[in-house]
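Welcome to this short briefing on a protein fold. Please take a look at the sequence and the model below before reading on.

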Amino acid sequence: MPDPSPARPPPSAPTLAGNAALGITQILLWGGSFFLMAVLAESIVRSTGWPLGVVVGALSLAILVSGLLSPWVGRKIRRHGGRPVLMAGALVIALGQVLMALAPNLPVFLGAWVVTGIGMAGALYDPLFAAIGQAYGSSARGAMTQIAIASGFAITLCWPASSLLVETVGWRGTCLVYAALAAFVVVPLFAWALPAQTGTAGSVAKVAAPETGAAPLVSPAGRGPLPGERILAVTFTSAAVIMTAISVQLLLLLQAKGVAAGTAVALSTLIGPSQVGARILELLFGRRAHPVWALLVSSGSVGLGILILAFAPSFAWAGIVLYGAGNGMRTVVRGTLPLALYGQGDYAAVMGRLARMPLLGQAATPLACGYLGAWLGLDVLLDLMLAVAALNVVLSLVVARRAIQTSGA
């Protein structure tokens with residue numbers, strides 16, 4: 001879409017006000033897309049009679065579409081800059097939400113989530129990090145952490161707000177409210193907080209090098225995978241699968257280990273503060289360290305947390321805090337590590353390619369967990385999640401070794 005905002009030279013570094021504004025955009029967009037069905041599903045089923053599994057599965061459909069489109073979105077950001085792409089993505093999410101509100105039948109409702117998935121590919125964390133990383137280079141690391149800190153309150157703020165809206169205006173009215181917020185709050189904030197630029201295509205010589213000190217790694221037209229990119233994608237995918245599985249199954253897993261239902265709900269509230277706390281620590285103390293160390297801390301913390309849940313459920317609170325801290329760090333790492341490894345020039349295209357496999361994994365995980373839990377039992381499912389967490393630690397060590405070798409060379 002054409003960018004109606006007046007062009008201005010991009011600032012040399014992100015501003016605190018701009019980062020806060022971008023954090024608000026992520027709270028509203030995540031609350032109106034990824035986190036929406038957790039609140040709306042019951043009301044939708046009750047008022048329409050549509051099958052619960054299909055209604056909830058609409059989110060997986062959106063995530064699938066988002067993953068398939070992510071590489072294309074990355075190339076668009078690389079060529080045209082982030083502002084027009086993210087503004088368009090927010091408007092497409094708003095369109096999807098309007099279609100949800102007006103959906104007369106289940107096929108139209110599912111089509112609305114396909115549209116929402118297209119917008120999610122262009123407006124959530126990955127394209128936003130791609131946009132600011134391309135615009136600011138190594139100066140973007142602090143911005144990514146600050147945005148992640150602000151948006152870490154998405155569930156805390158949006159779930160109660162969505163519940164109140166459902167009680168007040170119904171689930172269709174709730175979709176329309178989020179559509180209005182996306183169109184009339186998020187889009188102007190993107191226009192104000194993101195710098196106008198033409199992208200990096202054709203001007204690679206001016207971009208920053210990776211933090212490792214090596215020359216920028218640039219693929220022709222941003223299309224080909226760079227050295228080590230595939231193993232990094234698998235690493236991010238295993239972490240995303242764990243995060244999605246815990247999000248879907250945590251309460252059931254805790255109850256299977258003998259934790260009372262009310263206690264399980266109370267323990268789950270520790271995840272949000274732990275995520276935000278880890279991001280604050282990264283902002284305060286992690287700037288001078290290579291992001292690969294944050295990757296190792298993240299994977300190790302998640303693995304240790306799941307290990308505690310599996311074998312020491314009486315200390316479930318500690319396992320959840322460790323898991324939450326590691327998952328909070330993961331959000332920052334997926335933006336900062338590719339920038340450190342591959343530099344500013346090809347960053348947007350790399351982020352687009354790296355987003356595809358984790359999103360596809362996230363789309364498949366809820367269904368897979370449901371079947372595996374029913375077939376093998378929740379204890380075995382938790383053991384499988386622990387195995388994936390261990391794999392993630394091993395992959396993280398491989399990525400760290402490659403990064404250290406590259407830095408030394």
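Which residues in α9 meet which residues in α12? From α9 they are Thr-235, Phe-236, Ile-242, Leu-250 and Leu-254, and from α12 they are Leu-295, Val-302, Ile-306 and Leu-309, where contact means heavy atoms within 4.5 Å. Please keep in mind that this is a predicted model, in which local features need pLDDT of at least 70, side-chain atom pairs count only at pLDDT 80 or more, and totals for chains, interfaces and linings use all residues. Residues are numbered from 1 along each chain as its sequence is written, and side-chain values use heavy atoms, with hydrogens and water left out.

**The protein overall**
- The secondary structure consists of 15 helices and zero strands; these are DSSP runs numbered from the N terminus (helices H or I, at least four residues; strands E, at least two).
- Of the 409 residues, 55% count as buried, that is, under 20% relative accessible area with a 1.4 Å probe, protein chains only.
- Among contacts with a separation of 6 or more, 84% come from residues 24 or more positions apart.
- Carbon and sulfur atoms hold 71% of the accessible surface of about 16,600 Å², computed by the Shrake-Rupley method with a 1.4 Å probe.

**Helices α9 and α12**
- The axes of α9 (residues 229-256) and α12 (residues 291-311) come within 12 Å and cross at roughly 30 degrees; axes are lines fitted to C-alpha atoms over the stretch in contact, with angles from 0 to 180 degrees between N-to-C directions.
- That makes α9 roughly parallel to α12 (angles under 35 degrees).
- By class, the α9 contact with α12 has eight nonpolar, one polar and no charged residues (nonpolar: Ala, Val, Leu, Ile, Met, Phe, Trp, Tyr, Cys and Pro; charged: Asp, Glu, Lys and Arg; polar: the others, Gly among them).

**Helices α1 and α7**
- Helix α1 (residues 16-31) packs with α7 (residues 140-151) at about 45 degrees, their axes 8 Å apart.
- Leu-16, Asn-19, Leu-22, Gly-23, Gln-26 and Ile-27 of α1 meet Ala-143, Gln-146, Ile-147, Ala-150 and Ser-151 of α7.
- This contact of α1 with α7 has six nonpolar, five polar and no charged residues.

**Gln-275**
- Gln-275 sits in helix α11 (residues 271-285) and is buried, with a relative accessible area of 13%.
- Leaving aside neighbours within four places in sequence, Gln-275 is in contact with Gly-324, Ala-325, Asn-327 and Gly-328.

How values were computed. Parallel < 35°, antiparallel > 145°, perpendicular 65-115°, else oblique. Buried < 20%, exposed > 50% of the residue type's maximum accessible area, 1.4 Å probe, protein only.
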